[in-house]
Amino acid sequence: MSATGLISAVCVVHAEIEVNTRVGRTAIDKRPVPHRVPVRALGLDGDHVCDTKHHGGVHQAVYAYAEEDARNWAAELDRELPAGWFGENLRVRGLPVSDAVLGTHWAIGETLLEVSAPRVPCATFQQWTGEQQWVKRFTLQANTGAYLRVLTEGTIGAGDEVRVVHVPAHGITVRDLFIGTDPAKLELLLEAEPTISDDVRMQIERHRRRHLNAAAAADKAGAIS
């Protein structure tokens, strides 16, 4: 593969903060560190999650966000959005993170990561940003960034090259899964990527039910008219 990107910053938890949501506390406040950081199966050394029911685990070990998407948001919001503002561990330049094919492998030095899922915005993210209707706006943009699974442990530092070394043939991207406009296509993931998480399986099922319900409602409306 010839596609390459660059790690602009590596971020870990700066401090837990209190939020007025059901989780109470969050570790979303992440800041860049100047040194190389060991990356293990459950994430970066020095990083953690508070809401372990909905975040973390091997399929959400590392979160990456594109520098280009961050700049677009900065222009729209008219404010600086430094590395870590999105709660990301890796700020990545030069790769279309939200349009990465699920199951893609990124080699960063000796570390090997696999693109595993989109980030789904929540009330904690909304409160952290302080932006009006943030969850809705983030959802409409669908520049979600990507969660990554650690296939080979290693270390990562700012300035490291990101090499795309494997892209699955199914072509289903992080954005495709998040938007869910083609549930039949998404169901191909169930066979093509057998290691996908239960969360991803539930996302696919939710999209399927939503489209079935919409079709049933349209049929009912047509029958009435």
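Here is a short chat about a few strands in this predicted model.

Visitor: What should I know before we start?
Guide: This is a predicted model, so local features need pLDDT of at least 70, side-chain atom pairs count only at pLDDT 80 or more, and totals for chains, interfaces and linings use all residues. Residues are numbered from 1 along each chain as its sequence is written, and side-chain values use heavy atoms, with hydrogens and water left out.

Visitor: Okay, where does Arg91 lie?
Guide: In strand β8, residues 90-93. Strands here are DSSP runs of E, at least two residues, numbered from the N terminus.

Visitor: Is Arg91 buried or exposed?
Guide: Arg91 counts as buried because its relative accessibility is 2%. Buried means under 20% relative accessible area, with a 1.4 Å probe and protein chains only.

Visitor: And what does the side chain of Arg91 reach?
Guide: The backbone oxygen of Pro82, at 2.8 Å.

Visitor: Switching to β9, which residues sit on each side?
Guide: Strand β9 covers residues 105-108, with His105 and Ala107 on one side and Trp106 and Ile108 on the other, all buried.

Visitor: How many bridges join β9 to β10?
Guide: There are 4, and the strands run antiparallel. Two strands pair if DSSP finds at least two bridges between them. Ala107 has Leu112 as its bridge partner in β10.

Visitor: What about the hairpin of β9 and β10?
Guide: It has 2 residues between the strands, and Gly109 takes a positive phi near 60°.

Visitor: And how many bridges join β9 to β13?
Guide: That's 3, again antiparallel, with Trp106 opposite Val164.

Technical notes. Buried < 20%, exposed > 50% of the residue type's maximum accessible area, 1.4 Å probe, protein only. Polar contact = N/O pair within 3.5 Å; in protein donor to acceptor, adjacent residues only side chain to side chain.
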